[in-house]
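Welcome, and thanks for taking a look at this one. Here is a short briefing to read beside the structure.

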Amino acid sequence: MLISRPFGARGGFTLVEVSIALVLAALVLGLVFAVGRRLGKQSSGEAERLAVSEQLMAAAEVLPIDLRGLSPLGGDIALGEARDSSLQLRQTIANALVCSASASTWTVAPYLGAGGRSVVPGVQDGDTAWLLSDDDAGEHWRAVRLRAARRAPGGCSLVTDAEGAKVFDVTHQWSLDLRDSAIASTGAIIRVTRPIRFSFYRANDGHWYLGLRTWNGLSLEFNGIQPLSGPFGPPSDGRGTRFIYFDSNGAGFASGTADTRGIARIEALLHAEPGDSASVRDSLTVVTALRNRR
Amino acid sequence: MSEYSSARERSNHRGVALVAVLYFLVVCALTIAAVVFAQRSAKRNALSTANGTQLLAAAEAALHSALSSWSSAERSRQAVGSTAASTATNNASVRTTTYVTRLTSRVFSITSEAMFASSNVARRVSLLVRLPFDARPVRGALISAVDVTIGAQVRFATDSTPCDTASAAVVLTPNAGLAIDADIPPASQPSMLRDSIADDSSTYLRVADTWWSELAQRADIRLAADARITPTPIVVAGKCSTSDANWGDPLGLIAECAHRAPLVYVPGDLTIDGGAGQGVLLVEGHLAIAGPFTFSGQIVTRHGIETLADNIAISGAVYAWRSSSDASVSHAITNDVRLTHATTLRYSACDARHGIASWLQPRRVRERAWSELF
């Protein structure tokens, strides 16, 4: 029977035992919490490092895509707009072959993208088509303003074989309506461009970001800036988040140079700062050689 | 020991240690998961970037490889609108495919794609190239700065392919004389144009932006002065011979020699005893054709031409410059063009260009040649 034992004979702990047990428990708990906190901080640091790395990688992925194909001689970098904190340029948004043309409309077959994927030109009012004209005097690119693009039926009679259909999307032709009257010959190549502007800007949260402003062809001004990656260290504090420009001999250009036609290489120095604590910092230099520098 | 006391003891043992161990394990698991996730994510990003860079580099390498291994003769025969494809595997995992599309008579589009064999990840780039302009300001079957005699059996024709159009069958300087056999009725007489451009030495001595002296230095075949030759397509061990007597096959009967179009230079007079050939023939002296002869390309002479046999057919263009810059010398009889036997001269810009194909290398179009395709 359980409760038949007298009270004074009940088993128990002495004060010393309890004290030792409490001290040991406190030590164990303290140790466990210390280790846990440290691991937690490490985990948090890894997350921050990951975030920083992803921000840098995002910039490294995005910038070269628009910079590689720039034609400085063709005026793709706006005069005076190659600054250390911003860069205004023409983004190539479509490449196509002229299959037939009238003075006001061109029917084109876009180049197929990587893996043979169809590409929708996405032309807007105000975009510029650069038409390659080739005559006895030589070749030159003529700028023609576009109004709109719409799907066009039929095939491209210029592309005569199956191999050509792996280069040009002859089954998805587009009609480009022109703002300016222009004659294009069959077999001519066009490149469609639209202005964009990269900027390092300070957002409402007080941090600096790399942002992009796209062109609005109707209002003829840039849309509001949209962040691409960041936060980065401020451009002005000497740590150097900025754009730098070089010519083909490696000589640098001053910010805002008027000689943008000589730019052959663009470097973006990115110094990432993840947040207020700034406990994790990383940097990346994105070097882009302009393929159409000649 | 009673059941009560043993239950109490078990309860006391369970207390803090279990909670502490569980907390520790959870924190460890979360930390390890976070670290592994971060590492894997970073690795994935790095791998994606590295793969993209590798593919882009492979595509660009294939693009420039196509340009450096450009076969001018082959490309000159490629029809406008057609595409030639080639595939290569530069290592075990990356396969590149290059497409060369002829857009116009002078402009080509080279498109290269690099793709991993094990996935659909790919990069595609394109380059526009243009053949150098053959800056001939006048177009005709015969352009002459010296006097021309045309016999009754001489016929002029124009290429039916849409390469170019002739200004006239015969283009002469304002001072050059033209004698047409009286037996040729007026309606059948060749069209004639007098143009001061035909009096310009660059019209004759500059081919595709290259001057005569440089052409002479880089000639594929250099014959001796006063040579006699019967050019014939020659195949040795299944390959087109590069001997001096082989000027390629303009008729396309021998496939191995269809693309051979040499630049032939003769520092003096030359007699052709018949045969066939194609390319560019530069003769410092007098050219005599003394047997049935078929030629496709360009012929330039500096001391006149004469035909001494029937069945001579030349497709492309024939240029007759005078040896001296003094226009009065052009009337010396040995400098004349004397076409007196059954001869057909056909103006063909295609054949004229094909004649210079062996050394005509393209260059990239200015400003916007390169493009990445997404």
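A disulfide here is a pair of cysteine sulfur atoms within 2.5 Å. This is a predicted model, in which local features need pLDDT of at least 70 and side-chain atom pairs count only at pLDDT 80 or more, while totals for chains, interfaces and linings use all residues. Residues are numbered from 1 along each chain as its sequence is written, chains are lettered from A and ligands numbered from 1 in the order in which they are written, and side-chain values use heavy atoms, with hydrogens and water left out.

**Disulfides**
- Over all chains, the structure holds two disulfides.
- B:Cys240 and B:Cys257 are linked with their sulfur atoms 2.1 Å apart, and the torsion about the S-S bond is about 110°, so this disulfide is right-handed.
- A:Cys99 is joined to A:Cys156 (S to S 2.0 Å); with -105° about the S-S bond, that link is left-handed.
- A:Cys99 is buried at a relative accessible area of 6% (buried means under 20%, exposed over 50%, partly exposed in between, with a 1.4 Å probe and protein chains only).

**Strand β4 of chain A**
- Six of the eight residues of β4(A) (residues 128-135) are buried; strands are DSSP runs of E, at least two residues, numbered from the N terminus.
- Eight bridges join β4(A) to the antiparallel β5(A) (residues 138-152), where A:Asp135 stands opposite A:Gly138; strands pair if DSSP finds at least two bridges between them.
- On β7(A) (residues 189-202), also antiparallel to β4(A) and joined by four bridges, A:Val192 stands opposite A:Ala129.
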